[in-house]
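Here is a friendly briefing to read beside the model. Take a moment to look it over, then follow the topics below.

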Amino acid sequence: MNSLKFLFPSRIGLLGLPDTIEVQHTGFDINAYYQSLFDHYQVDFPASLGKAVDKRCAEYLAGRIVARKAIERINGTTPQIGTHKDRSPIWPQGLIGSITHSDGVVIAAVAEQKHHRLLGIDFEHWMSAQLADELCDQLLDQSEKQLLLQSDLAFERGVTLIFSLKESFYKALYPHVNTFFGFDEARVRSIDTTNGAFIIELLTSFGKEYQQGWSTEGYFRVLSDGVLTYIYE
């Protein structure tokens, strides 16, 4: 077994996040995955993956590897990163983070809570035109469809972008609201393709802090094979 075949450099490059957020990423080959790689990389194999397919296990392992590397860059420790019952990561005290993976690419962003209270990151490979057409009505409301018509984005790229924006929004907000919410409970209000920025708002309320209409700004980076989106406050 050659563990070096499992991980390889990704083509994501520099992401342009502030220095207070540590980002690590890698490519990984699902076909080179073996369960013994968990021992090799000293990552605990969770009971929740006992019956999982290799793809899920490989994504989990690669995500924990880059997340731990990000934490090491922040405070010099290499902790185990457990998993809540809802499958979200258990970050060490004082830290927040977000992990995303898509077809052999995984990215982790980690920050200290003293610097940031919200952090969500998502990477998506570009959808095909056919898939975007099939998913459009599930992902976008009428105002978002109009937003895309007014933009300079190709249809399938626009649908992919809004999907990713909502994923980042969900990841940033979920640790605070502890409630699953769907694509129809958030709305992308504006997209600035020149500066790679967007505004997204809640269409429902979660407690006193996150009321209907609450909004935040996020950012995105268009890559050759996909789009990276992120939100931080």
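How many aromatic pairs does the count come to? The count comes to 17 aromatic pairs, where rings of Phe, Tyr and Trp (its six-membered ring) pair if their centres lie within 6.5 Å. This is a predicted model, in which local features need pLDDT of at least 70 and side-chain atom pairs count only at pLDDT 80 or more, while totals for chains, interfaces and linings use all residues. Residues are numbered from 1 along each chain as its sequence is written, and side-chain values use heavy atoms, with hydrogens and water left out.

**Aromatic rings**

- A pair of aromatic rings is described by the distance of the centres and the angle of the planes.
- Planes under 30 degrees apart count as stacked, over 60 as edge-to-face and the rest as tilted.
- F38 and F45 make an edge-to-face pair, because their planes stand at 85°, with the ring centres 4.8 Å apart.
- F38 is buried at 2% relative accessibility, and F45 is partly exposed at 29%; buried means under 20% relative accessible area, exposed over 50%, and partly exposed in between (1.4 Å probe, protein chains only).
- Y219 and Y230 form a tilted pair, with centres 6.0 Å apart and planes at 35°.
- Y219 sits in strand β10 (residues 215-222) and Y230 in strand β11, so this pair ties together parts that are 11 residues apart in sequence.
- Helices (H or I, at least four residues) and strands (E, at least two) are DSSP runs, numbered from the N terminus.
- Y219 is partly exposed at 24% relative accessibility, whereas Y230 is buried at 7%.
- Ring pairs also link a cluster made of F169, Y170, Y174, F180, F181, F206, Y210 and W214.

**Nonpolar cores**

- A nonpolar core is a set of buried Ala, Val, Leu, Ile, Met, Phe, Trp, Tyr and Cys residues joined through side-chain atoms within 4.5 Å.
- The largest core has 33 residues, and V159, F169, L173, I191 and Y210 have the most contacts inside it.
- Among the elements that give two or more residues to this core are α3 (129-139), α5 (155-177) and β8 (186-192).
- The largest share, 11 residues, comes from α5.
- F169 touches residues including F181, I200, W214 and I231, leaving aside those up to four places away in sequence; contact means heavy atoms within 4.5 Å.
- A second, separate core of 27 residues includes F6, I65, V66 and I99.

**Helix α2**

- Helix α2 (residues 54-75) has 22 residues and reaches 31 Å from its first C-alpha to its last, close to the 32 Å expected at 1.5 Å a residue.
- That expected span is 1.5 Å times one less than the number of residues.
- G76 follows α2 and has a positive phi, near 80°.

**Salt bridges**

- The whole structure has 12 salt bridges, each a side-chain nitrogen of Lys or Arg within 4 Å of a carboxyl oxygen of Asp or Glu.
- D225 and R11 form one of them, with their closest N and O atoms 3.7 Å apart.
- D225 lies in the loop between β10 and β11, and R11 in the loop between β1 (7-8) and β2 (21-28), 214 residues apart.
- D225 is partly exposed at 26%, while R11 is exposed at 73% relative accessibility.
- R117 and E233 form another salt bridge, with the closest N and O atoms 2.9 Å apart.
- Salt bridges also link D141, R187, R189 and E201 in a network.
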